[in-house]
Amino acid sequence: MSLLDSAIKIGGKTAPNRIVNQPMECNDADEVGNPTELTFNRYRKLAEGGAGMIFVEALTITRESRARKNQLGIDEKTAPALERLLKEMKRINAKSLILLQITHSGQLSGADFSRRVSVYPLSGQQTHILSGEEIDQIGDDFGRAASIARQVGADGIDFKQCHGYLGGEMLRPVNTREDRFGGSFENRTRFFCETMAKIKKSAGSGDFLVGARFSVYEGIPGGFGTRGPAEVVEDLSEPLAFVRLMEKTGVDYINVSAGIPAITPEIVRPTKNYPEGVYRHFGWAQAMKKQARVPIIGSGYTYLRDGKNDLKEPDPGKKNFLYWAEKNLKEGICDLVGVGRQSLADPLFARKILEGKSGKVNYCTACGSCSVLLRNQAQVGCPIYFEHYRKLLKKVQKPKADRRT
Ligand SMILES: Cc1cc2nc3c(=O)[nH]c(=O)nc-3n(C[C@H](O)[C@H](O)[C@H](O)COP(=O)(O)O)c2cc1C
Ligand code: SF4
């Protein structure tokens with residue numbers, strides 16, 4: 001039996017295999033943040049796909065500040081529809097662990113349709129700087145969202161710290177606010193620790209899973225994974241200390257990512273422009289795994305495909321997803337391997353791989369079209385393999401003058 005196909009304990013639950021569908025926001029909720037039929041269809045397919053862990057995309061804890069016009073929400077209004085979604089997924093597949101990623105978009109909130117807020121002043125930009133009381137309130141809202149996630153039948157939550165949204169903003173050295181949420185490492189991680197305590201209190205008893213995804217290195221001056229507010233050289237001292245701290249707060253797993261899609265996309269998702277980005281993800285996961293006792297999820301595996309990639313290894317058998325996933329699991333680089341874009345291109349990816357049908361996978365070409373849709377606030381999916389999204393892509397790519405007619 002392959003390692004990919006082996007079960008693993010996460011907290012008090014068991015994931016049936018080591019493939020993870022990473023959270024992938026698709027901006028197809030209705031006007032209050034409920035999942036629509038399109039959302040249901042996507043997650044029905046992912047449930048059928050049978051990955052060991054399935055993360056439901058970034059759900060906003062508030063409509064007031066959000067990154068996507070049609071972002072899924074998690075609040076009292078959306079709870080009944082989320083419950084139906086979870087029920088449906090569990091009916092199709094009772095084994096996979098299904099977790100909801102909960103987020104506040106902070107300075108990446110869309111100013112056109114919501115309120116852009118920030119933890120610290122942004123040079124040359126008008127943004128509301130959150131007060132300490134407002135930050136406390138946001139922490140309470142995360143606690144409430146986690147409790148809703150539990151009520152609607154999720155196996156757990158992912159408290160989003162990655163990719164430049166509010167959780168990530170808070171952590172970075174450039175957050176030099178002078179109150180208890182900025183400056184020292186202790187202050188910059190206070191929001192995480194206090195909010196985790198709220199999450200644990202409202203939802204964390206029994207075997208309900210609580211974890212976090214964070215960007216180890218953001219790739220901007222003063223970003224997380226650097227030594228100071230004006231530094232850009234990678235330094236993993238703080239990310240490692242953060243892993244220790246996360247474990248102290250009682251996380252059941254840690255999902256290791258990197259970069260900020262809106263600013264440093266090539267760090268988040270490797271493409272032919274920088275194929276070796278895949279190896280950097282391996283390195284980040286390994287560094288965090290050496291520190292951690294809880295399971296570590298690695299990111300950035302999509303680009304490997306079936307070996308048809310631009311990595312400088314001539315033997316396709318030694319540079320594909322299966323080869324690296326097995327090798328990394330065997331060598332303790334990570335405990336689970338996550339795919340993002342690949343799960344849009346082929347939601348049945350995990351099942352096909354585990355059944356030995358890798359030749360039948362619709363491989364992601366890393367073309368970036370799903371990100372184009374996301375940037376344009378359109379519904380997101382894979383235009384390479386799905387007609388609906390192909391039409392949407394054509395629409396957003398139309399020259400502006402054309403669109404008026
Ligand atoms: C369209 C799109 C939506 C995404 N949505 C989320 C999200 O909701 N939460 C998150 O943590 N990461 C999100 N990501 C990042 C992916 O989960 C993943 O980390 C990234 O695509 C790199 O992994 P891959 O190489 O396997 O695609 C998104 C990426 C894309 C392209
Ligand atoms: S649109 Fe391109 S990058 Fe996105 S999932 Fe499809 S093939 Fe992959």
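Helices here are DSSP runs of H or I with at least four residues, strands are E runs of at least two, and both are numbered from the N terminus. What you're looking at is a predicted model, where local features need pLDDT of at least 70, side-chain atom pairs count only at pLDDT 80 or more, and totals for chains, interfaces and linings use all residues. Residues are numbered from 1 along each chain as its sequence is written, while chains are lettered from A and ligands numbered from 1 in the order in which they are written.

Let's start with ligand 2. Its shell holds 13 residues, with Cys364, Cys367, Ser369, Cys370 and Cys382 the closest (a residue is near a molecule if its C-beta atom, placed from the backbone, lies within 6 Å of it). Helices α11 (341–345) and α13 (369–375) each put at least two residues into that shell, and α11 gives the most, three. Sorted by class, the shell has nine nonpolar, three polar and one charged residues. For that sorting, Ala, Val, Leu, Ile, Met, Phe, Trp, Tyr, Cys and Pro count as nonpolar, Asp, Glu, Lys and Arg as charged, and the others, Gly among them, as polar.

Now for ligand 1. Here 28 residues gather around, and Gln22, Pro23, Ala58, Thr302 and Gly340 come nearest.

How do the ligands sit relative to the domains? The chain is assigned domain 1 (8–365) and domain 2 (367–405), with bounds that come from an automatic or database domain assignment. The shell around ligand 1 takes at least three residues from each of the two domains, and the shell around ligand 2 also takes at least three from each. The C-alpha centres of domain 1 and domain 2 are 24 Å apart. Across the boundary, 14 residues of domain 1 are in contact with twelve residues of domain 2, contact being C-beta atoms, placed from the backbone, within 7 Å. On the domain 1 side, α11 brings the largest share, three residues, and that side divides into four nonpolar, four polar and six charged residues.

Next, have a look at helix α3. Its 20 residues (132–151) should span 28 Å at 1.5 Å a residue, and the end C-alpha atoms are 29 Å apart, which agrees; the expected span is 1.5 Å times one less than the number of residues. Among the buried residues of α3 are Ile135, Ile138, Phe142 and Ala149. Buried means 20 or more other C-beta atoms within 10 Å of a residue's own, exposed means 12 or fewer, and partly exposed is in between, with C-beta atoms placed from the backbone. Their cover includes α2 (79–92), β5 (97–103), β8 (156–161) and α6 (190–203). After the helix comes Gly153, with a positive phi near 100°.

The largest nonpolar core has 113 residues, and Leu99, Ile102, Ala149, Ile157 and Ile254 have the most contacts inside it. Helix α3 gives the most to this core, seven residues. Such a core is a set of buried Ala, Val, Leu, Ile, Met, Phe, Trp, Tyr and Cys residues joined through C-beta atoms within 7 Å. Leaving aside neighbours within four places in sequence, Ala149 is in contact with Ile74, Leu100, Ile102, Ala154, Ile157 and Ala203.

Last stop: Ile54, found in strand β4. Ile54 counts as buried because it has 26 C-beta neighbours inside 10 Å.

Notes. Contact = placed C-beta atoms within 7 Å.
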